[in-house]
Amino acid sequence: MKPYRQRRQRKPLTLKVKYFDKEIPKLEKFETGDWVDLRAAETIEMKQGDFKLIPLGVGMKLPKGYEANIVPRSSTFKNFGIIQTNHYSVIDQSYSGNEDQWFYPALAIRDTVIQKGDRICQFRINKKMPKVEFVTVEKLDGINRGGLGSTGTK
């Protein structure tokens, strides 16, 4: 295997990004494995128990065969008291029209104010799952691990 510096560099994916709000900082280029922060595109006030779709101020044209996944930042709950209602958002390549802005579905656990520009979530681009075929079998040939939650208990 070649040393890390000598490995061939892959050409980065090019993503077309529309900014719905010119005041939101532009997304930054990232290296493999990193997530990209997304920001609230408006100031949002939420009372405990409120649900809001928080606009993120961006929309994208994803390359064929890719999807975007949005999750909270590790500090989102601590800083803002909100959780993402679907816990993991999937944006497929067809959600790419001129008005298809990305949103963050949030539920407030306490009263909170999210300021325009606050970093509230993050995303990454992944290849879509290939086509799969399901085959019904009577038995699986793997080793039994002892049931749900059993890893590391023996």
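These legends walk through a handful of close-up views of a predicted model.

View 1. If sheets are new to you, strands of a sheet pair through backbone hydrogen bonds, either parallel or antiparallel.

**View 2. Strand 9 meets its partners.** Five bridges hold strand 4 and strand 9 together in the antiparallel sense, while three bridges join strand 7 to strand 9 (residues 103–108), again antiparallel. Look for Ala106 in strand 9: Lys52 stands opposite Ala106, and Gln84 stands opposite Ala106 as well.

**View 3. A nonpolar patch shows on the surface.** Phe51, Leu53, Tyr95 and Phe103 make up this patch, and together they have about 360 Å² of accessible area. Phe103 belongs to strand 9, and with 33% relative accessibility it counts as partly exposed.

View 4. Helix 1 covers residues 76–80, and Thr76 is found in it. Leaving aside residues up to four places away in sequence, Thr76 touches Gly81, Ile82, Tyr104, Ile120 and Cys121.

**View 5. Glu99 and Lys18 form a salt bridge.** Side chains of opposite charge can pair when their charged atoms come close. In this pair, the closest N and O atoms of Glu99 and Lys18 are 3.9 Å apart. The two residues are 81 residues apart, with Glu99 in the loop between strand 8 (89–92) and strand 9, and Lys18 in strand 1 (residues 16–19). Glu99 is exposed at 59% relative accessibility, whereas Lys18 is partly exposed at 30%.

**View 6. Arg73 reaches Asp37.** This salt bridge has its closest N and O atoms 3.1 Å apart. Arg73 lies in the loop between strand 6 (66–72) and helix 1, and Asp37 lies in strand 2 (residues 36–39), 36 residues apart. Arg73 is buried, with a relative accessible area of 18%, but Asp37 is partly exposed, with 24%.

**View 7. Here are some other charged partners.** Lys47 and Glu45 meet in a salt bridge, 3.6 Å from N to O. Lys47 is partly exposed at 43% relative accessible area, and Glu45 is exposed at 52%. Elsewhere, salt bridges link Asp21, Glu23 and Lys116 in a network. Across the whole structure, the search finds six salt bridges.

Key
Residues numbered from 1 in each chain as written. Predicted model: local features only at pLDDT ≥ 70, side-chain atom pairs only at ≥ 80, totals over all residues. Heavy atoms only, no water. Pairing = 2+ DSSP bridges. Helix = DSSP H or I, 4+ residues; strand = E, 2+ residues; numbered from the N terminus. Patch = residues over 30% accessible without salt bridge, like charges linked within 9 Å, V, L, I, M, F, W, Y side chains within 5 Å. Areas by Shrake-Rupley, 256 points an atom, 1.4 Å probe, with all protein chains shown as cover. Salt bridge = Lys/Arg side-chain N within 4 Å of Asp/Glu carboxyl O. Buried < 20%, exposed > 50% of the residue type's maximum accessible area, 1.4 Å probe, protein only. Contact = heavy atoms within 4.5 Å.
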